[in-house]
There are 2 protein chains.
Amino acid sequence: MGKYVFGVDVGGTTVKLGLFDVEGNLLDKWEIPTRKDNGGENILPDVAASIKAKMAEKNVFKDDVIGVGLGAPGPVDGEGMVYGAVNLGWGTFSIRDTLMELLDIPVKAGNDANVAALGEMWKGGGQGCKNLVAVTLGTGVGGGIIVNGSILAGALGAGGEIGHLHIEDNETERCNCGNTGCLEEYTSATGVVRLAKRMLHSCDTPSMLRKIPEEKISAKKVFDAVKDGDELAIKIAEQFGEYLGKGLGVIATIINPEMIVIGGGVSKAGKILFEYISPYFYKTVFKGCGNVKFALATLGNDAGIYGSAKLVLE
Amino acid sequence: MGKYVFGVDVGGTTVKLGLFDVEGNLLDKWEIPTRKDNGGENILPDVAASIKAKMAEKNVFKDDVIGVGLGAPGPVDGEGMVYGAVNLGWGTFSIRDTLMELLDIPVKAGNDANVAALGEMWKGGGQGCKNLVAVTLGTGVGGGIIVNGSILAGALGAGGEIGHLHIEDNETERCNCGNTGCLEEYTSATGVVRLAKRMLHSCDTPSMLRKIPEEKISAKKVFDAVKDGDELAIKIAEQFGEYLGKGLGVIATIINPEMIVIGGGVSKAGKILFEYISPYFYKTVFKGCGNVKFALATLGNDAGIYGSAKLVLE
């Protein structure tokens with residue numbers, strides 16, 4: 001009989017769970033709702049109950065389970081301590097110790113974006129790498145950095161906060177984090193829309209984007225227009241590429257990764273993104289750190305459960 | 001009888017060597033010349049001979065030596081492979097394997113600036129930390145990053161290249177690395193002089209710096225004038241602080257260190273530097289990564305031998 005690991009990805013609405021063998025084959029995956037009431041006190045007991053039920057269903061015994069990995073949407077340090085997770089109602093406590101007590105199985109925990117980066121390294125777009133930067137261009141910009149095969153968690157679990165890299169001195173609108181000029185303000189899905197609206201108002205260049213009601217403009221529509229050769233949309237893509245290329249160039253100068261993996265909704269535009277990112281990346285990056293492969297993320301929403309499972313196998 | 005480690009710091013002119021006990025007490029230190037002829041082929045044999053001679057002198061037997069650590073001025077990865085060191089004439093080869101063969105003692109190797117950061121963490125300004133950024137403001141700007149107690153070497157040993165962080169889009173003068181707008185261009189000793197000359201030419205503000213022949217202006221003279229309340233020198237210090245504060249804010253957002261240690265010639269200005277760095281650091285850094293202590297480096301030129309020794313004890 002083989003050995004198993006569980007990967008758990010706690011989100012604001014649902015908790016995703018996966019059962020894996022030690023080679024990383026996903027044997028089963030399912031979801032449970034995230035109960036956020038009472039400071040999210042039910043979340044880990046619900047996770048434990050769901051794992052126990054799955055073990056009973058699959059005839060998996062405790063001794064067959066190497067461990068449970070868990071990713072959570074907040075800063076989590078290398079010891080599994082979470083320093084608050086606003087979206088779950090969580091304060092500061094040890095995820096690892098709490099869940100280990102409930103299950104009597106070894107537990108490891110990490111930040112969800114960091115864990116997703118580990119997943120992409122293990123079974124996704126970054127396979128074969130030990131030093132990797134993963135960027136998720138979604139509603140916000142998330143990031144995870146893998147150094148020598150392990151998550152860069154930082155002193156208080158806030159390592160790899162790529163979305164809040166300061167990139168623009170002349171910004172006046174505030175980012176959600178309270179600062180101004182963060183990478184997220186220009187390269188998230190909402191950031192691309194911000195760039196688009198500013199561009200539409202600042203010039204008279206004709207564009208198919210002008211035919212869309214302004215509140216319906218999306219990152220997808222911008223990049224669709226880019227693919228159709230729309231002059232204005234291409235200008236927007238160039239701004240996007242300048243910000244992201246510079247930001248990734250700065251990160252690569254510090255980290256010296258082998259690979260940068262780009263995921264999230266905006267990345268559905270595909271490899272065309274790299275055309276706009278590359279010139280600014282290579283202009284910015286220290287030459288000794290410039291030997292970097294770019295790839296698209298491939299695991300989508302499953303990156304979190306893969307990475308959480310991998311946490312246990314490190 | 002106790003156990004020992006050797007720390008070796010290979011520079012362009014001399015090789016510094018230290019004999020330590022395992023608690024990190026420096027028992028002896030000495031230097032030998034760096035023979036760079038013939039592609040630097042004599043350097044490691046000279047190091048090995050010098051260590052053997054010291055062992056004979058001190059009656060230290062091979063079994064008493066836990067290992068030899070070595071820092072070199074070039075990119076060195078986590079396996080002790082150097083990817084060229086121009087100042088020594090070295091190409092790409094395994095420092096670890098070469099020196100291990102000569103000594104029949106375990107060897108570890110790292111980049112000199114990274115190793116110096118490890119030294120400051122172990123016995124210098126960063127004691128008690130496991131996540132640390134060290135910046136050396138000398139002729140150039142060197143840097144080393146420690147993540148969870150270990151050097152961030154990166155894929156090709158070029159991690160932590162803080163001096164070549166892109167920080168200014170509007171620069172036209174090239175950095176030694178070939179890029180423009182690197183942190184080193186403004187915050188090294190020569191960078192401070194660059195800022196000073198530009199400031200002197202761009203305004204008529206009276207200043208004691210105008211009484212010095214321009215070719216004699218140094219970072220020390222600028223910061224001495226700052227301490228005397230010189231208005232123009234204070235403007236230069238503010239520019240310096242803006243560049244370094246922003247750069248360190250960006251690095252801290254990615255790394256989430258507990259401490260930033262500043263060393264090198266420019267740091268002899270002392271804690272006054274922090275007054276100019278802090279406002280821009282806190283404006284730039286992601287709030288979750290802002291809980292950082294600043295300290296001055298304390299080991300000076302010995303940081304390299306301390307850090308090399310610590311490499312072996314990790």
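Two strands pair if DSSP finds at least two bridges between them; I began with that rule. Helices (H or I, at least four residues) and strands (E, at least two) are DSSP runs, numbered from the N terminus.

I noted that this is a predicted model, where local features need pLDDT of at least 70, side-chain atom pairs count only at pLDDT 80 or more, and totals for chains, interfaces and linings use all residues. Residues are numbered from 1 along each chain as its sequence is written, chains are lettered from A and ligands numbered from 1 in the order in which they are written, and side-chain values use heavy atoms, with hydrogens and water left out.

**Sheet of chain A.** I looked up strand E8 (residues 132-137) of chain A and found that it pairs with strand E11 (residues 259-263) of chain A in the parallel sense, over 5 bridges. Opposite A:Val133 I found A:Ile260 of E11(A). Both strands belong to an open sheet of 5 strands in chain A, ordered E10-E9-E8-E11-E12, with mixed pairing. Strands E10 (150-151) and E12 (293-296) of chain A each have a single partner strand, so one side of each lacks a neighbour in the sheet.

**Helix H4 of chain A.** I then counted 9 of the 12 residues of H4(A) as buried (under 20% relative accessible area, 1.4 Å probe, protein chains only). Among them are A:Leu118, A:Met121 and A:Trp122.

Note on methods. Buried < 20%, exposed > 50% of the residue type's maximum accessible area, 1.4 Å probe, protein only.
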